[in-house]
Amino acid sequence: MEPRASHYILLLLVGISLANPVRKPGPPAFQPIPGNVDITSKFLETNKGSSEHLLEGDLLFPKIKNALYCLNNNNNCFWKKNSSNLVEVPYTLSSEYSSTDISIIKNAMSTFHNKTCIRFIPRLNQTDYISIENKDGCYSYLGRIGGKQVVSFKRQGCVYHGIIQHELNHALGFYHEHTRSDRDKYVKINWEYVPTDKASNFQIQNTNNQNTTYDYSSIMHYGRTAFTTQAGKDTITPIPDATVAIGQRQDMSNLDILRINKLYGCVV
């Protein structure tokens with residue numbers, strides 16, 4: 001081939017490349033926690049710098065007078081159904097979130113919409129609502145407390161699919177799985193590795209288990225080394241099979257979804 005011809009072909013190829021640039025795929029709406037970090041380790045690490053006094057690592061205690069607190073399954077702490085038998089949870093989103101952040105948050109909400117009667121809806125003028133904010137950690141109140149209630153997803157450390165679902169489940173009124181009333185049949189708490197000032201985080205609650213079995217795969221389960229005083233030592237060990245995985249970070253389990261539907265009387 002003559003040099004002039006080869007030069008012409010090269011210019012043609014460059015022109016085609018400029019006219020049709022390679023487009024990089026956008027960020028995924030589903031954002032899993034990277035590596036082998038369990039969900040508890042991720043949000044506890046993020047919450048270390050929080051100015052809030054957090055129960056069980058990520059639960060806010062209401063400071064406002066007359067606020068509800070959902071101990072002992074107080075029915076007033078649950079969100080109400082509308083005339084179409086859908087449970088509406090109004091929310092606002094901080095303007096500090098990027099379009100990618102918002103996409104990840106809304107995608108995490110979509111599982112609730114697709115598999116339960118829960119509907120997270122943009123707030124209009126509703127009195128009770130969740131305010132999703134870029135504060136100093138990953139945390140939520142337990143259930144509906146009345147008025148504005150913050151759910152925090154810090155942009156660096158909390159905007160992940162599993163963490164978002166975990167905190168939204170708290171806002172719906174769900175406890176951590178390891179605190180359910182029958183947990184001692186299914187996990188052993190290794191108190192020798194639990195810091196004295198964190199022992200309350202492992203306290204059994206008077207939970208409504210809704211005739212469902214203990215769920216090692218729940219998005220609400222602590223990881224095995226949560227709050228440990230010694231690296232590599234478990235604070236929670238599944239029994240009788242110590243190798244069972246806990247603290248998964250991908251998506252709500254089938255039992256998580258079943259419990260939402262049972263608690264809120266969903267027909268799906």
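First entry, ground rules. I counted a salt bridge wherever a side-chain nitrogen of Lys or Arg sits within 4 Å of a carboxyl oxygen of Asp or Glu. I'm working on a predicted model, where local features need pLDDT of at least 70, side-chain atom pairs count only at pLDDT 80 or more, and totals for chains, interfaces and linings use all residues. Residues are numbered from 1 along each chain as its sequence is written, and side-chain values use heavy atoms, with hydrogens and water left out.

Second entry, a pair. I got nine salt bridges by that rule. One joins the side chains of Glu-133 and Lys-135, at 3.8 Å from N to O. Then I checked how covered each partner is, taking buried as under 20% relative accessible area, exposed as over 50% and partly exposed as in between (1.4 Å probe, protein chains only). Glu-133 comes out buried at 16%, while Lys-135 is partly exposed at 35%.

Which side chains does Glu-177 meet in salt bridges? I found Arg-180 at 3.4 Å, N to O, and Arg-259 at 2.8 Å, N to O. Arg-259 lies in helix α5 (residues 254-263) and Glu-177 in the loop between α4 (161-172) and β8 (187-189), so this pair ties together parts that are 82 residues apart in sequence. For the element names I used DSSP runs, numbered from the N terminus: helices are H or I with at least four residues, strands are E with at least two. Shared partners link Glu-177, Arg-180, Asp-182 and Arg-259 into one network of salt bridges. Glu-177 is buried, at 6% relative accessible area, and Arg-180 is buried too, at 3%. Arg-259 is also buried.

A pocket here is an open set of points on a 1 Å grid over the protein atoms alone, where a 1.4 Å probe fits, with protein on both sides within 12 Å along at least five of seven lines; lining residues have an atom within 4 Å of a point. I noted about 460 Å³ of space in the largest pocket, the volume being the space filled by probe spheres set on the points. Its lining has 19 residues, with Leu-44, Lys-48, Gly-57, Lys-198 and Phe-227 nearest the centre. Both α2 (39-47) and β1 (54-55) give two or more residues to that lining, and α2 gives the most, with four.
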